[in-house]
Amino acid sequence: MKSKKIAIAIDGPAAAGKSTVAKIVAEKLSYIYIDTGAMYRALTLKALNQNIDLHDERALVQLLLHTKIELQKNEKNQIVLLDGKDVTMDVRSQDVTNNVSYVAKLPAIREELVHRQQLLASHRGVVMDGRDIGTRVLPDAEVKIYLIATVEERATRRHEENKRRGIPSSMEQLKKDIEERDRIDSEREASPLVKADNAIEVDTTAMSINEVAQFILDAASKHLNNN
Ligand code: CDP
Ligand code: CDP
């Protein structure tokens, strides 16, 4: 499975494990990894910092057109640069998490970010995760994966993650926030969160990170060996 390079699209609801396994898969295949959620988060952060009304689509588009968002990889981590400044931690803040779906539902914002994402993925050898990668950003991706897990499991995973980072959090609140974000992401008009017809759905509720990553690597191998 070595010479030909493909695109792997990983979609699914919040905290299903997309970015964790996408990074492992990209690393194993020596592909680039693109975290599209970080792009929506970076714009949301900038809008919050500038007190821009998150429902004002025109103002947000103007802001986006003057915003540079870069995703870089250093030795171990993915770095998010917003107008040249490292905002890797800031884009994961509670405030951004609770507001990002309002920004992401605006069609003109999606159009511009999808365009940027497609440019970033213009060469194969890419693993991209988000909500609309298999349906909208890379509809011709060779391997499409849709990761799910129960909301209890996803809240537990985020809770554990917060504990590791020393961030206090409540399971009940996490569950509510995850459900609300999934609802907005699934119900929006513009490329909602939905499984692509030809995506493989993987219920990861009882799977370890490595098991999920291996499943995706096997799906990639299978594609490469058959084509
Ligand atoms: O990591 P987590 O699941 O918490 O979220 P994320 O992937 O960082 O995405 C944050 C938010 O950005 C999502 O809840 C969506 O509202 C939006 N998003 C989107 O609409 N389309 C994408 N391709 C990626 C993210
Ligand atoms: O990107 P997304 O929001 O889908 O999820 P993530 O940030 O990759 O994963 C959320 C948390 O679940 C992380 O702390 C992962 O380490 C953990 N995780 C897990 O415990 N088991 C899995 N099979 C996948 C992720």
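Visitor: Which residue in strand 7 does Ile8 stand opposite?
Guide: Ile8 stands opposite Val143. Bear in mind that this is a predicted model.

Visitor: And the two strands, how many bridges pair them, and in what sense?
Guide: Four bridges, in the parallel sense, join strand 1 (residues 7-11) and strand 7 (residues 143-148).

Visitor: What holds strands together in general?
Guide: Backbone hydrogen bonds, in either a parallel or an antiparallel arrangement.

Visitor: Back to this one. What is the strand order in the sheet?
Guide: The order is 2-6-1-7-8, five strands in an open sheet with parallel pairing. At the edges are strand 2 (32-35) and strand 8 (200-203), each of which pairs on one side only. Ignoring direction, neighbouring strands are turned by 20° against each other on average.

Visitor: Which strands does helix 9 touch?
Guide: Helix 9 (residues 209-226) packs on the sheet and touches strand 1, strand 7 and strand 8. Its direction makes about 160° with that of strand 7.

Visitor: New topic, the ligand. How many residues surround ligand 1?
Guide: There are 15 around ligand 1, and the closest are Gly37, Tyr40, Ala104, Gly130 and Arg131.

Visitor: Which helix gives the largest share of that shell?
Guide: Helix 2, with four residues. Helix 2 (36-49), helix 4 (94-104) and helix 8 (171-187) each supply at least two.

Visitor: How do the shell residues divide by type?
Guide: Into five nonpolar, five polar and five charged residues around ligand 1.

Note on methods
Residues numbered from 1 in each chain as written. Chains lettered and ligands numbered in written order. Predicted model: local features only at pLDDT ≥ 70, side-chain atom pairs only at ≥ 80, totals over all residues. Pairing = 2+ DSSP bridges. Axes fitted to C-alpha atoms, helices over the stretch in contact; angles between N-to-C directions. Contact = placed C-beta atoms within 7 Å. Near = placed C-beta within 6 Å. Nonpolar A, V, L, I, M, F, W, Y, C, P; charged D, E, K, R; others polar.
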